[in-house]
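Hello,

Here is the structure I promised to pass on.

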Amino acid sequence: MDKFSPDFLLGAATAAHQVEGNNTNSDCWAMEHMEHTSYTEPSYDAVDHYNRYQEDIRLMAGAGLNAYRFSIEWARIEPEEGRFDDTQAAHYLDVIRCCKEHGLEPVVTLHHFSSPKWLITKGGWEAESTVEYFARYVRYIIGTLGSELHYVCTINEANMGIQVAAIAKRYTQQMMAQAAKQQNHAQGAASDGHADSGNSDGTVQVGINLEKMMAGQEAAKKENLKVFGVEKAENFTSMRTPQGDGIVCRSHEAARAVIKELYPDIQVGLTLSLHDIQAAGGAEDCAKKEWDDEFTHYLPYIQGDDFLGVQNYTRSLIGPDGILPAPDDAELTQMNYEFQNIKTNDRTHFCTFPI
């Protein structure tokens with residue numbers, strides 16, 4: 001930390017559902033425990049951060065960090081529609097004060113993927129009513145905790161549902177193309193009986209496996225009716241429609257308005273998952289459209305924000321027919337994200353688009 005100015009924040013970040021454990025009133029918890037789940041495994045105790053946050057914060061401080069971005073779990077604060085749990089709010093107040101005691105700036109995220117189960121029964125993130133429900137939750141939590149905060153992120157990776165929808169579309173197209181290839185191969189090479197099986201697993205970074213999601217959809221509808229009362233559970237990481245995208249944007253705007261009304265000095269923004277969009281030769285228009293889908297169409301909704309959070313995992317190399325696979329010799333993460341050596345400055349055949 002000696003290399004940075006005192007006001008430079010260097011911290012760690014978590015999502016409540018992924019670390020706290022036993023988030024039993026959330027949609028993610030319900031979906032994790034369904035028979036026809038698209039989740040890889042249940043969260044159970046996770047890393048028990050809910051009970052061990054003091055130890056975890058001490059470790060962050062000991063590592064030289066001076067900020068901690070964590071999310072408040074809406075499903076704990078409002079486990080039933082209209083019933084707010086003051087005890088849970090007090091828990092998060094303790095987390096905030098623990099951060100300050102150890103020299104960490106608390107940066108609060110109000111929504112990080114998981115939602116109350118009851119919200120999904122009312123249409124979830126494809127229902128216009130969610131804008132009002134989210135604003136009501138924000139009014140309660142900022143009214144309770146706002147005096148302790150300087151930075152608030154309304155929604156984490158607001159564009160995640162759009163990205164999931166795009167990935168699912170590409171995955172479906174790949175499977176259809178693979179099926180057609182197998183059929184043609186079988187017809188043209190009946191003598192050996194072999195077919196190319198492909199290598200696409202449809203895995204997404206939020207822990208959802210699209211291959212499982214696409215299979216058994218009819219059975220999943222019946223289970224959704226039993227668990228949520230609706231055939232399609234529109235949670236935050238579902239394949240989002242343009243209408244749902246607008247609902248997320250208006251929810252952010254409504255939350256920002258509430259925060260600024262109650263505590264004008266709080267710095268407010270959201271975060272987006274953004275790739276380094278690079279155009280392969282001749283695909284500049286395709287890359288520009290990809291950048292608009294991922295980022296620029298959000299500009300009207302964030303003009304009044306104090307900051308923008310950017311989560312960047314890898315690049316997207318765009319060709320005339322869409323996203324290209326990583327080069328054959330590329331080093332990949334477990335999520336198939338490409339490691340790119342940016343030190344070479346060899347970008348002569350790529351182009352990027354500014355904000």
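**Two helices side by side**

Helix 3 (residues 49–62) packs against helix 5 (residues 86–101) at an angle of about 10°, and their axes lie 10 Å apart. That angle makes helix 3 roughly parallel to helix 5 (under 35 degrees counts as roughly parallel; axes are lines fitted to C-alpha atoms over the stretch in contact, with angles from 0 to 180 degrees between N-to-C directions). On the helix 3 side, the contact (heavy atoms within 4.5 Å) is made by Tyr50, Tyr53, Gln54 and Ile57. Helix 5 brings Gln88, His91, Asp94, Val95, Cys98 and Cys99.

This is a predicted model, in which local features need pLDDT of at least 70 and side-chain atom pairs pLDDT 80 or more, while totals for chains, interfaces and linings use all residues. Residues are numbered from 1 along each chain as its sequence is written, and side-chain values use heavy atoms, without hydrogens or water.

**The chain as a whole**

The protein chain has 13 helices and 9 strands (DSSP runs of H or I, at least four residues, and of E, at least two, numbered from the N terminus). Of its 355 residues, 46% are buried, meaning under 20% relative accessible area with a 1.4 Å probe, protein chains only. Among contacts between residues at least 6 apart in sequence, 78% join residues at least 24 apart.

**Phe8**

Phe8 sits in the segment before strand 1 (11–13). At 36% relative accessibility, Phe8 counts as partly exposed, the class between buried and exposed (over 50%).

Best wishes

How values were computed: Angles under 35 degrees count as roughly parallel, over 145 as roughly antiparallel, 65 to 115 as roughly perpendicular and the rest as oblique.
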